[in-house]
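Hi there,

Here is the structure I promised to pass on to you. Open it up next to this email and follow along as you read.

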Amino acid sequence: MASNFTPNPEQLTLLPDITGKKINGVGETEIRQPTPIFWHDPERIAHGDLQAWFYKNGRSEKVRSIREETMKVMATPISEVTQEKPDWSASQWTENLKQAALEREADLVGIAKVRPEWIFEGFEVKEKWIVVLGMAMVFEEILDAPGPRTQVEVQTQYGRGARAAHKLASWIQEQGWAAKHHGGPRAGSMLIIPAALEAGFGELGKHGSIINRQYGSSFRLAYVLTDVPLIEDEPIEIGADGFCTNCQLCTKGCPVDAVSPTKEMVRGVEKWFIDFDKCILYFNEHNGCAVCLAKCPWNKDGAAPRLTDKLTRRLSQNR
């Protein structure tokens with residue numbers, strides 16, 4: 001889609017000398033830690049002034065109130081660590097922890113070993129495991145993108161993710177193990193999407209979001225860090241990568257041409273990538289976007305399970 005968007009001149013004056021592509025490591029062939037870029041504290045990021053403009057000029061009162069409630073949840077202390085630990089095996093811990101997560105507002109849960117290349121520069125993660133949580137969004141609300149209904153829904157599910165992570169971390173500490181929790185939209189100590197891919201949530205879509213066999217790409221993420229003895233999940237193939245190679249709906253639908261039609265090398269990994277420098281100015285002025293998710297055919301009612309069944313059968317036949 002040819003872009004007709006003209007950024008607010010105020011935003012342009014706030015852009016740093018370094019580009020988002022440079023910060024994100026586009027074109028770099030060596031694996032390294034990610035650099036904080038936008039959703040961290042402004043003093044940590046080159047785009048801090050641009051972030052401040054976003055918070056000053058955007059967000060409806062309803063979105064603001066949801067975000068404030070989310071921040072309260074994040075700031076509320078979790079349960080104390082008890083002295084006794086259940087005598088469970090790793091498989092029992094894994095089963096019980098996943099059940100606890102699903103009973104505490106999460107729709108998806110998966111486990112991965114923490115990798116150094118997921119941890120943001122300047123942060124430290126000592127825990128062995130990241131427990132990733134997924135919260136499904138109501139796709140009918142996402143269809144309003146980039147309108148107010150979409151932004152309310154996105155913030156609502158980030159809020160649910162914060163609650164789910166807080167509740168699960170409390171449950172873990174009640175079982176005698178320490179835990180740390182994080183929910184969006186603010187960034188935490190590490191990237192969530194690579195961890196969610198390793199935890200079996202699905203495959204990365206061309207729009208930069210994970211495509212899941214049940215919820216398509218219409219869900220948000222949160223996480224808990226812990227050393228509980230667990231069994232990690234495995235990445236899965238559902239045929240989404242090949243599907244995205246041929247599908248052009250989000251590429252053509254993006255209002256600022258930020259969705260690349262081909263994969264790019266980013267910090268030593270070839271993957272689908274969204275052009276931050278094109279995306280962020282439009283995102284800021286519309287208080288969010290999600291147009292690519294509204295265009296994604298995996299998000300139509302019942303489409304994800306049908307597409308997964310069809311594409312995984314095709315993958316099996318071609319092996």
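Let's start with a word you'll need: a residue counts as buried when its relative accessible area is under 20%, as exposed when that is over 50%, and as partly exposed in between. Trp93 has a relative accessibility of 2%, so it is buried. Do keep in mind that this is a predicted model.

Now for the rings. There are 14 aromatic pairs in the structure. Take Trp39 and Phe283: their ring centres are 5.8 Å apart and the planes make an angle of 65 degrees, so this pair is edge-to-face. It joins distant parts of the chain, since Trp39 sits in the loop between α2 (20–24) and α3 (48–57) while Phe283 belongs to helix α11 (residues 276–285), 244 residues apart. Both partners are partly exposed, Trp39 at 23% and Phe283 at 22%.

Trp88 itself is partly exposed, at 29%.

Other rings have a charged neighbour. Arg44 lies over the face of Phe123, 4.0 Å from the ring centre, and Lys85 lies over the face of Trp177, at 4.9 Å.

Back to α11 for a moment. Which of its residues are buried? They are Phe276, Ile280, Leu281, Tyr282 and Asn284, and their cover includes α1 (9–14), α2 and α3. Where the helix starts, a side-chain oxygen of Asp275 comes within 3.0 Å of the backbone nitrogen of Asp277. After the helix comes Asn287, with a positive phi near 60 degrees.

Last stop, the nonpolar cores. The largest has 31 residues, and Ile130, Val132, Met190, Phe201, Leu221 and Trp298 have the most contacts inside it. Several elements give two or more residues to this core, among them β1 (108–113), β2 (129–136) and α13 (303–317). The largest share, four residues, comes from β6. If you click on Val132, look beyond its neighbours within four places in sequence: its contacts there include Leu108, Ile192, Phe201 and Tyr223. Apart from this core lies another one of 26 residues, including Leu50, Tyr158, Val256 and Ala294.

Definitions and conventions
Residues are numbered from 1 along each chain as its sequence is written. This is a predicted model: local features need pLDDT of at least 70, side-chain atom pairs count only at pLDDT 80 or more; totals for chains, interfaces and linings use all residues. Side-chain values use heavy atoms; hydrogens and water are left out. Rings of Phe, Tyr and Trp (its six-membered ring) pair if their centres lie within 6.5 Å; planes under 30 degrees apart count as stacked, over 60 as edge-to-face and the rest as tilted. Buried means under 20% relative accessible area, exposed over 50%, partly exposed in between (1.4 Å probe, protein chains only). A charge sits over a ring if NZ of Lys or CZ of Arg is within 6 Å of the ring centre and within 35 degrees of the ring normal. Contact means heavy atoms within 4.5 Å. A polar contact is a pair of N or O atoms within 3.5 Å; within protein, one must be able to donate a hydrogen and the other to accept it, and residues adjacent in sequence count only if both atoms are side-chain atoms. A nonpolar core is a set of buried Ala, Val, Leu, Ile, Met, Phe, Trp, Tyr and Cys residues joined through side-chain atoms within 4.5 Å.
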